[in-house]
There are 2 protein chains.
Amino acid sequence: MPQNKQIHLDNRPVGQAVVSNFKLVISDTPALQDAQVLVRHHFLSLDPYMRGRMNDAKSYAVPQALGQTMGGGTVGEVVGSKNTKFAVGDKVVGMGGWQQYSVVDGDQPGALRKLDTSHIPLSAYLGAVGMPGVTAWYGLVKIIEPKVGETMVVSAATGAVGSAFAALSKARGCRTVGIAGGPAKCKYALEELGFDACIDYKLHPDAPSLSKALKDACPTGIDGYFENVGGMVLDAVLSRMNAFGRIAVCGMIAGYDGAPLPLAYPALILMSRLKLQGFIVSEHMEIWPEALKELGSLVATAKLRARESIAQGIEAAPEAFLGLLKGKNFGKQLVKLF
Amino acid sequence: MPQNKQIHLDNRPVGQAVVSNFKLVISDTPALQDAQVLVRHHFLSLDPYMRGRMNDAKSYAVPQALGQTMGGGTVGEVVGSKNTKFAVGDKVVGMGGWQQYSVVDGDQPGALRKLDTSHIPLSAYLGAVGMPGVTAWYGLVKIIEPKVGETMVVSAATGAVGSAFAALSKARGCRTVGIAGGPAKCKYALEELGFDACIDYKLHPDAPSLSKALKDACPTGIDGYFENVGGMVLDAVLSRMNAFGRIAVCGMIAGYDGAPLPLAYPALILMSRLKLQGFIVSEHMEIWPEALKELGSLVATAKLRARESIAQGIEAAPEAFLGLLKGKNFGKQLVKLF
């Protein structure tokens, strides 16, 4: 059996997460038992939710256990199988974690899903046609419920979720405005992702300044907002929401490190009769087939062309993950394992 | 035509509202034109939303105009009519304002509604069987959507909205917990309004302390919350909400005077997958008949026996209103005009 490099959570962050929270461990992959499948991972997905799991706090996810391989989504190839449902050479997506190989019970429902890579590249199943894409779909379709001609805004606009959100929102006839960090990301949002406008939040030191920029970019106000970041961006967007606006709360990355960020003016929820709703896409598996069908079609027809940031080798995962938390990535952050 | 005492908004509050914001004005009621009705008000309703209208700020309601009679709900009796739909002696509810008499166009849809006082006292149409009752109904039935066995919490529990909320929540088989100010209100909530528990927020200096009391009163957590106050009460309740909890945001009275109150930990919306939704009951007139039917039945069968605080005479309205904002009233705050 091949040697397997893994990244464990060695200790929990105090404030900001740092590289020394992680530890590289090398082990042998165990021999396969009946029904088990050995998967060689081509790509590991890095996602903001992982930061929340590093804390030992009450959260929606069970905390990541210390001394264990970090959890995470992976796509790869079956290289050994004692399960008749999976053959060597099959391409699969699963939760293989921060490691080169995983051994999976192929009979466990949902543990491994076979992929068709004839029109969709393997890595897209961790992004646009995977959990981030379905996340955008759920927030837009099930919580925001957009109407033709409305204005939609998304933060972290050039990330995996934001990219998919833009394509889905444009397909529904909505003005679609992004918020991203830096001129290169904003240019990319406009030229490649189909956004109608993109605001560089780094040009705005506070919520009133960002609110003014939102007024210019959203002349008829904001009807739907997909929240990935929290903090002053949420304060600014709230000030521009139209009556009966809907906000899908997917991430609060701004508050993952250190002190929780308050919401400055919650009375706006009442004054503008807003709906805010938090969600976790893994709790809504019933919508995945419908969402994946639309997302796959958008990717296969090049209406959704999401960029990827690819770190090389499992050893690079911690640094790439910390960069993701600071917005250093550009598009979907992946780690290529071989 | 009779002389009419009115309370005008003379100037806008700077920070806290004060008695000198108001001015007593005496005028003659004008002669009736065709289709008009002269109503002698028996009771004026005082409600927290009026404080918001005193500001000249962006809000859902048009600001109260300076130099004009304060707006407000009234019940009374027709004492003059040039409209065939209304006869002298008819009991009616309308938006007569802070004055003894009003002249109303009886043909304007919704301006005046005739009342049946055979089983329901006239004043109840300003409380349990009026706007406050329907407010409780909408928040509970349409936003919170309670299930049998769930736990519901309401702040300002012994007010007109809270009283109705308790009866409606108990009728749906929910554990119903109130938050109110002082031992007398809590005793009343338990003994007369049917609450299963009531927490005196005045015993709790901060959100963590109130949160602990909520844990005791809601051993299985909170599934639905009806928000009337905002501030630290909302922070405390948020910390005890169960996954997929629903919060109907009806009032933020704590922030009406002076500086807006932040929400300390908005990330809980995501972590607990909560829905928060603001609403104004006057925008949902389609549900009033259904709501009033249930509320009228609860009052007629004495399942809802809401207390009233009654100030005497229009001159007493400003002081009574300021007391309401500070929670000095006990139950529905009314002004008896004659």
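**View 1. Helix α3 of chain A is mostly covered.** Of its 12 residues, 10 are buried. Buried means that 20 or more other C-beta atoms lie within 10 Å of the residue's own, exposed means 12 or fewer, and partly exposed is in between, with C-beta atoms placed from the backbone. Helices (H or I, at least four residues) and strands (E, at least two) are DSSP runs, numbered from the N terminus. This is a predicted model, in which local features need pLDDT of at least 70, side-chain atom pairs count only at pLDDT 80 or more, and totals for chains, interfaces and linings use all residues. Residues are numbered from 1 along each chain as its sequence is written, while chains are lettered from A and ligands numbered from 1 in the order in which they are written.

Helix α3(A) covers residues 160-171. From first C-alpha to last, α3(A) reaches 17 Å, close to the 16 Å expected at 1.5 Å a residue. The expected span is 1.5 Å times one less than the number of residues in the helix. Among the buried residues are A:A160, A:V161, A:F165 and A:L168. Which elements do the buried residues of α3(A) pack against? They are α2 (131-144), β8 (151-155), β9 (175-180), β11 (222-227), α8 (288-300) and β15 (332-336) of chain A. Contact here means that the C-beta atoms of two residues, placed from the backbone, lie within 7 Å. After the helix comes A:G173, with a positive phi near 75°.

**View 2. Helix α2 of chain B is largely enclosed by the rest of the structure.** The reason is burial: 12 of the 14 residues of α2(B) are buried, so the helix is largely enclosed. The buried residues include B:M131, B:P132, B:W137, B:Y138 and B:I144. Helix α2(B) runs over residues 131-144. Its end C-alpha atoms are 18 Å apart, which agrees with the 20 Å that its 14 residues should span at 1.5 Å a residue. Just after α2(B), B:E145 takes a positive phi of about 50°.

**View 3. A:E145 and B:F244 have positive phi values.** Most residues other than glycine have a negative phi. Phi of A:E145 is near 50°. A:E145 sits in the loop between α2 and β8 of chain A. With 14 other C-beta atoms within 10 Å, A:E145 is partly exposed. Phi of B:F244 is near 70°. B:F244 lies in strand β12 of chain B. Is B:F244 buried or partly exposed? B:F244 counts as partly exposed, with 14 C-beta neighbours inside 10 Å.

**View 4. Strand β13 of chain B pairs with β12(B) and with β13 of chain A.** Two strands pair if DSSP finds at least two bridges between them. Strand β12 (residues 241-249) of chain B runs parallel to β13(B), joined by four bridges. In this pairing, B:R246 stands opposite B:K275. Strand β13 (residues 275-278) of chain A runs antiparallel to β13(B), joined by three bridges. Here A:K275 stands opposite B:Q277. Both faces of β13(B) are covered. On one side, B:K275 and B:Q277 are buried; on the other, B:L276 and B:G278 are buried.

**View 5. Chains A and B meet through 25 residues from each chain.** The elements of chain B that give two or more residues to this side are α7 (267-271) and β13. The chain B side divides into 17 nonpolar, six polar and two charged residues. Ala, Val, Leu, Ile, Met, Phe, Trp, Tyr, Cys and Pro count as nonpolar, Asp, Glu, Lys and Arg as charged, and the others, Gly among them, as polar. How are the two chains related? A rotation of 180° with 0.0 Å of shift along its axis superposes chain B on chain A, with an RMSD of 0.0 Å. This is the relation of a two-fold axis. The same surface serves both copies, as 100% of the contact residues of chain B recur in chain A. Copies are superposed by least squares on the C-alpha atoms of residues with pLDDT of at least 70 in both.

**View 6. Chain A is divided into domain 1 and domain 2.** Domain 1 takes in 3-127 + 307-336, and domain 2 takes in 131-282. These bounds come from an automatic or database domain assignment. The domain centres, taken over C-alpha atoms, are 28 Å apart. Their contact takes 15 residues from domain 1 and 16 residues from domain 2. The domain 1 side has five nonpolar, seven polar and three charged residues.
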